[in-house]
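Dear colleague,

Please find below the structure that I am handing over to you. My notes on it follow directly after.

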Amino acid sequence: SRATAALAPARKLRALSELFLAEREQERLYAGADVRWPLAALTDRYARELHVLPPARAKPEMQETAGELADAAFAEELAERFGADSLGDALFARHCALSLHRAHSPGLRAGALRALAGNFAAHLLSPERGACGDFPLAVLLAPTAPADDPYAQELIKALEAGTLDRAIDAKAVTATAALHAAANRAFAASDVHSRALCARLSRSLSPAALEALLAIPLVISDDTR
């Protein structure tokens, strides 16, 4: 409808995501065939609309609107539910991956990533599991600047803490985004902060994570066509 078309893609995806928190007769509503297939089709349609939007810019914390704060809280709740009882459902995973999309605010992306890692679910966002559908990996990456981007910082923090080790083994998009962020911060500049990060990563990362970090390209195409 015209009314639906006028809504921002993020609002439409948020409405769809709410179905993953709903139940029908004590069963997961999204698992029913009468809901699942339309849900999948609309998810892919609205995701394509989201891909063409420019990256969102960070706002000072005190300038975030009530709606933006509510969206961030919902993204965390969605990720927590995914980790708790989704059993790695691919469509559910796709909605969690879309919470990491560059069209969302850095704060929302950071909160969603933190909830995924904290609930041991980051490894389930794997392309092999269908978590990304056909959307480009570049839309999930952290920006190369500014250095204090909350999402990039959260990715590196999770990488250092070891909560993405299983994601690295699974080649999940969360691991790729974290490795990309760490590589850009550590190797793309030669200032004291990048040297300090290199030293921290060399001490804290597992051998598999270090190997993956050294293999990650600093630049991944952001062609979203």
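A charge is said to sit over a ring if NZ of Lys or CZ of Arg is within 6 Å of the ring centre and within 35 degrees of the ring normal. One such case is R14, whose charged end sits over the ring of F74, 4.2 Å from its centre.

This is a predicted model: local features need pLDDT of at least 70, side-chain atom pairs count only at pLDDT 80 or more, and totals for chains, interfaces and linings use all residues. Residues are numbered from 1 along each chain as its sequence is written, and side-chain values use heavy atoms, with hydrogens and water left out.

**Overall architecture**

The protein has 11 helices and two strands; helices (H or I, at least four residues) and strands (E, at least two) are DSSP runs, numbered from the N terminus. Their order from the N terminus is α-α-β-β-α-α-α-α-α-α-α-α-α. Of the 225 residues in the protein, 45% are buried, where buried means under 20% relative accessible area, exposed over 50% and partly exposed in between (1.4 Å probe, protein chains only). A contact means heavy atoms within 4.5 Å. Among contacts between residues at least 6 apart in sequence, 73% join residues at least 24 apart.

**Aromatic pairs**

Rings of Phe, Tyr and Trp (its six-membered ring) pair if their centres lie within 6.5 Å; planes under 30 degrees apart count as stacked, over 60 as edge-to-face and the rest as tilted. By this rule there are four aromatic pairs. F20 and F92 are stacked, because their ring centres are 4.6 Å apart and their planes stand at 25 degrees. F20 lies in the loop between α2 (9-17) and β1 (23-24), and F92 in helix α5 (residues 90-98), so this pair ties together parts that are 72 residues apart in sequence. Both F20 and F92 are buried.

F92 also forms an edge-to-face pair with Y30, at 5.5 Å centre to centre and 70 degrees between the planes. Since Y30 lies in the loop between β2 (27-28) and α3 (33-51) and F92 in helix α5, the pair ties together parts that are 62 residues apart in sequence. The relative accessible area is 3% for Y30 and 0% for F92. Ring pairs link F20, Y30, F82 and F92 into a cluster.

**The largest pocket**

On a 1 Å grid over the protein atoms alone, a pocket is an open set of points where a 1.4 Å probe fits, with protein on both sides within 12 Å along at least five of seven lines; lining residues have an atom within 4 Å of a point. Grid points are joined across faces, edges and corners, and a volume is the space filled by probe spheres set on the points. The largest pocket has a volume of about 720 Å³. It is lined by 34 residues, of which E68, A72, H104, S105 and L108 are the closest to its centre. Helices α2, α4 (66-85), α5 and α6 (106-118) each supply at least two lining residues, and α4 gives the most, with nine.

R94 is in helix α5 and is buried, with a relative accessible area of 13%. Leaving aside its neighbours within four places in sequence, R94 is in contact with T43, D44, G130, A131, C132, G133 and F135. A40, in helix α3, is buried at a relative accessible area of 16%. A40 and G133 are 93 residues apart in sequence and 9.7 Å apart in space, C-alpha to C-alpha.

With kind regards
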